[in-house]
Structure formats: structure tokens, C-alpha cells
Amino acid sequence: MRIDLPQSFIDLPLAHRGLHDVTQGRIENAMASFHAAVAAGFGIELDIQLSTDGQAMSFHDDTLDRLTTEVGPVCERTATELGDIQLNGSKDSIPTFRAVLEAVAGRVPVLVEIKDQDGAFGAAGVGPLEEAVARDLRAYAGDCAVMSFNPFCVEAMQALLPHVPRGLTSDAFDPLPEGVSAEAAKSLRGIEAYDRVGASFISHDREDLDRSRVAELKALGARVLCWTVRSAEEEAEARKVAENITFEGYLPDVTG
């Protein structure tokens with residue numbers, strides 16, 4: 001069963017990993033960036049990884065190396081340990097997904113990207129992270145939607161939270177990501193799992209919006225979002241196809 005994407009996901013541009021700005025001490029996927037997005041009236045897109053004790057954490061990378069002085073996989077640290085790690089250039093640490101939801105409190109829409117856990121966009125590793133996300137979202141009353149590059153993640157969410165809108169993050173998969181087979185990439189590129197996972201939207205690479213499959217899905221009623229827009233000029237071009245944008249590095253118009 002498809003669940004329609006709430007209109008707020010079309011009306012409000014989505015701040016990519018929150019309204020982050022390192023010059024202001026606002027780091028991606030951290031609380032200051034989420035508070036800034038809410039204050040500015042933007043929706044929020046964020047990424048979720050899994051702690052070793054099964055908690056959903058707001059963090060993009062699978063390792064700590066880029067954004068902290070720590071190294072190694074996120075999944076080898078507990079939620080408490082991750083919460084004690086300060087993000088570079090910020091007073092923030094790595095928040096739990098639950099804490100983010102409590103802070104947003106339904107004031108703007110939240111688009112949740114569940115990160116692939118096995119590197120191959122297949123079924124291996126699917127389950128624990130999706131269950132953690134579902135636990136946190138089950139009682140959430142605000143507008144939210146979940147998506148992933150990995151269709152098996154989205155399929156798991158269909159079973160766990162059938163009332164929450166689902167979508168597929170998508171792009172050209174060119175060049176082929178390390179660890180992803182050519183066969184899997186062909187299916188991902190063609191967004192072949194759209195019907196199987198009960199998706200109602202895609203979030204597609206803005207540089208690949210002219211793909212025929214995007215037009216086909218849009219004609220069939222799919223809502224089309226896109227990522228990542230970094231200027232007003234890129235936004236104008238993207239909106240020729242996409243109904244909304246995920247953005248960073250500039251402030252789009254929210255007056256409608």
C-alpha cells in the first residue's frame with residue numbers, strides 16, 4: 001500500500017542534513033543545524049546510522065573520521081559513546097534520532113535517509129537499523145517520510161511502519177560504486193523496486209533528472225524530489241522536473 005507524501009514535503013525546501021554552515025558552528029546532521037532549519041521554516045533531510053547497541057543515530061558517514069577527531073566505524077560505538085563525541089568545529093555531538101524528533105516536534109517535515117549497512121545495496125545487514133528507526137518514529141506525530149538508496153531497507157520499513165510514506169533515493173550509479181554489482185546497479189538505476197516497496201516518491205540526483213524512468217514515474221503519479229541543489233540557478237533548472245529540492249549552501253525562497 002502506498003502512503004501519499006504530505007504536502008509539506010512539496011511546499012518547504014528541505015535543508016540537506018539540516019541547515020548546516022561550518023562557519024557558524026553548525027555541522028551537518030547535528031542539533032544546531034536542525035534548530036536553524038526549523039527557525040528558518042525549512043524542512044529537514046537527515047541521515048541515520050546505527051550504534052552498536054541498536055540506537056538510530058543522526059550521522060551520514062559510516063565512519064567517524066571525516067567529522068570528528070575519532071576514527072573507525074560508527075556501528076562499533078554505543079549511543080552514549082557517540083553522544084560524547086564532539087563534532088569538529090562545533091559544540092554539538094552526535095545526536096540520537098529520537099532526540100532530533102523531540103527537538104523538531106512536528107514543526108517542519110522530516111525526510112529520513114536510512115543508510116545502507118553492507119555496502120552492496122542488498123538484503124545483507126537489513127533489519128536492525130530499520131527496527132531502530134521504526135521504534136523512534138512509531139509515536140511521532142509530525143510529518144515524516146523514510147527513504148534509502150537500498151530498496152531492501154525501504155521494503156523493511158513497509159512492513160515495520162506501513163503508515164509512513166516511503167521513497168527511494170536514486171541516481172545514475174555511474175561510476176559504479178565500490179561493492180555494488182553491475183546487476184544491482186542496473187536495477188537501482190532503473191528504480192525497478194518502486195512498486196515492490198510501495199514507494200510514493202523518489203529523491204533523485206539533480207544532475208540526472210532527465211532520465212526517462214524519472215519522467216515515467218512522475219507521469220504515473222510519483223512525487224519527485226531531488227538532491228543536492230547548491231544555488232538558485234541549480235534550483236531553477238531542477239524544478240523543471242522536480243517538485244521540491246534538497247539544498248545546501250544557499251537559502252531558497254520559502255514564501256511560495
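Colleague: How are H5 and H6 oriented to each other?

Modeller: Please keep in mind that this is a predicted model. Angles from 65 to 115 degrees count as roughly perpendicular, those under 35 as roughly parallel and those over 145 as roughly antiparallel, the rest being oblique. Here the axes of helix H5 (residues 128-137) and helix H6 (residues 151-160) come within 10 Å and cross at roughly 40°. H5 and H6 are therefore oblique to each other. Their crossing is right-handed.

Colleague: Which residues of H5 and H6 make the contact?

Modeller: From H5 come Glu130, Glu131, Val133 and Ala134, and from H6 come Cys153, Ala156, Met157 and Leu160. By class, this contact of H5 with H6 has 6 nonpolar and 2 charged residues, with no polar ones.

Colleague: At what angle do the axes of H2 and H4 cross?

Modeller: The axes of helix H2 (residues 31-40) and helix H4 (residues 97-104) cross at roughly 25° and come within 10 Å. H2 and H4 are therefore roughly parallel to each other. H2 passes H4 in a right-handed crossing. Met31, Phe34, His35 and Val38 of H2 make the contact with Ala99, Val100, Ala103 and Val104 of H4.

Colleague: Let us turn to the open spaces. What volume does the largest pocket have, and how many residues line it?

Modeller: A volume of about 930 Å³ is found for the largest pocket. Its lining comprises 39 residues, and those lying nearest the centre are His60, Glu113, Lys115, Phe121 and Phe149. The residues of this lining divide into 16 charged, 13 nonpolar and 10 polar.

Colleague: Which strands supply residues of the lining of the largest pocket?

Modeller: At least two residues each are supplied by strand E2 (43-50), strand E4 (110-114), strand E5 (144-148), strand E7 (201-205) and strand E8 (223-229). The largest share of the lining, 4 residues, comes from E2.

Colleague: How much space lies in the second largest pocket, and which residues line it?

Modeller: The second largest pocket holds about 170 Å³ of space. Arg2, Asp4 and Leu5 belong to its lining, together with Tyr194, Asp195, Ala199, Ser200, Leu217, Leu220, Gly221, Ala222 and Arg223. By class, the lining of the second largest pocket divides into 6 nonpolar, 4 charged and 2 polar residues.

Colleague: How does one tell a cavity from a pocket, and how many cavities of 30 Å³ or more does the search find?

Modeller: A pocket is open, whereas in a cavity a 1.4 Å probe fits but cannot get out. A search of the whole structure finds 1 cavity of 30 Å³ or more. The largest cavity has a volume of about 60 Å³.

Colleague: Which residues line the largest cavity, and which strand gives the most to its lining?

Modeller: The largest cavity is lined by Phe149, Pro151, Leu168, Thr169, Ser170, Ser187, Leu188, Ile191, Glu192 and Ala193. Strand E6 (166-170) and helix H7 (182-189) each supply at least two residues of this lining, and E6 gives the most, with 3 residues. The lining of the largest cavity has 6 nonpolar, 3 polar and 1 charged residues.

Methods:
Residues numbered from 1 in each chain as written. Predicted model: local features only at pLDDT ≥ 70, side-chain atom pairs only at ≥ 80, totals over all residues. Heavy atoms only, no water. Axes fitted to C-alpha atoms, helices over the stretch in contact; angles between N-to-C directions. Left-handed = near helix turned anticlockwise from the far one by under 90°. Contact = heavy atoms within 4.5 Å. 1 Å grid on protein atoms, 1.4 Å probe; cavity = no way out; pocket = protein on both sides within 12 Å on 5 of 7 lines; lining within 4 Å. Points joined across faces, edges and corners; volume = space filled by probe spheres on them. Nonpolar A, V, L, I, M, F, W, Y, C, P; charged D, E, K, R; others polar.
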